[in-house]
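Please open the structure in your viewer and keep the selection tool at hand. The tour moves from one selection to the next.

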Amino acid sequence: MKLGVITYDHCHLKTEQLVNRYARNPQISEICLFALPFTPRKAREVLFSHRPYQEHAIPTVCLSELDRVSFTNWDGREPIGHRVDLFVITGAGLLDVGFAGGKPIVNAHPGVIPTSRGLDSFKWAILENDPLGVTLHLIDNEVDKGDVLDIRFTPVFSADTLETVARRHYELELDMLADVLDVIDKRTPLFAPEKPAKKRMPAEKEAEMMRHFDVWKTSAIVSQAQR
């Protein structure tokens with residue numbers, strides 16, 4: 001299995017964490033990193049960072065020092081599907097899927113599709129009393145709409161804080177992408193109502209979400225026991 005990893009030409013923690021896992025997988029014969037140009041996002045007010053700071057990592061080009069890992073700068077348009085059997089996205093904006101030549105492109109969305117779509121799904125799920133989980137899905141040209149391979153719910157415990165749930169939620173995302181070969185031929189039916197894709201959560205909504213956390217946690221633990 002030749003695996004293509006779509007990432008950024010920059011320091012990127014999620015890519016580093018996953019490539020190190022993929023490099024230990026005997027099913028993967030080659031890991032090809034395709035690195036997009038990196039443009040820093042405009043700074044904005046954030047009250048709670050629900051993901052680790054992604055620049056606390058080595059540059060992705062350095063990962064090619066590992067055995068069986070190659071690195072290619074890529075513009076996001078050049079056809080590269082002939083080089084690999086499967087793509088996973090560890091870092092990218094919206095892409096036209098034509099580059100893959102029909103090869104599967106897998107993304108881990110940190111929300112339960114189709115209820116939690118778009119940006120800041122972790123925060124919106126808590127604010128709106130939605131289930132919290134991660135969806136592994138194939139991407140197409142719509143936002144968080146492709147065939148669903150797997151959905152796993154983030155465990156929630158009575159002693160949790162917002163910080164501990166966020167850490168566990170991020171770790172679940174890594175685990176699911178690391179296990180992509182186990183579910184690539186699977187399809188999971190959707191069971192939740194669809195909601196519109198969200199934008200970044202504004203600061204006033206973040207403050208409301210943080211105040212709402214204990215209410216959401218109680219509801220989440222009850223729902224977890226009923227699954």
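By class, how many nonpolar, polar and charged residues does the lining of the largest cavity have? This is a predicted model, in which local features need pLDDT of at least 70 and side-chain atom pairs count only at pLDDT 80 or more, while totals for chains, interfaces and linings use all residues. Residues are numbered from 1 along each chain as its sequence is written, and side-chain values use heavy atoms, without hydrogens and water.

**First stop: the cavity**

Select Thr115, Ser116, Arg117, Ser121, Trp124, Ala125, Glu128, Asp130 and Lys198, which line the largest cavity. A cavity is a set of points, on a 1 Å grid over the protein atoms alone, where a 1.4 Å probe fits but cannot get out; lining residues have an atom within 4 Å of a point. The lining has two nonpolar, three polar and four charged residues. Here Ala, Val, Leu, Ile, Met, Phe, Trp, Tyr, Cys and Pro count as nonpolar, Asp, Glu, Lys and Arg as charged, and the others, Gly among them, as polar. The largest cavity holds about 50 Å³ of space, a volume being the space filled by probe spheres set on the grid points, which are joined across faces, edges and corners. The whole structure has one cavity of 30 Å³ or more.

**Second stop: a loop**

Next, select Pro114, in the loop between β5 (105-109) and α2 (121-127). Helices (H or I, at least four residues) and strands (E, at least two) are DSSP runs, numbered from the N terminus. The peptide bond from Ile113 to Pro114 is cis, with omega near 10 degrees. Asp120 lies in the loop between β5 and α2; its phi is positive, near 55 degrees, and Asp120 is a residue other than glycine. Most residues other than glycine have a negative phi, and most peptide bonds are trans.

Finally, select Leu13, Lys14, Gln17, Leu18, Arg21 and Tyr22 in α1, which meet Tyr170, Glu173, Leu174, Asp175, Leu177 and Ala178 in α3. Contact means heavy atoms within 4.5 Å.

Terms used
On a 1 Å grid over the protein atoms alone, a cavity is a set of points where a 1.4 Å probe fits but cannot get out, and a pocket is an open set with protein on both sides within 12 Å along at least five of seven lines; lining residues have an atom within 4 Å of a point.
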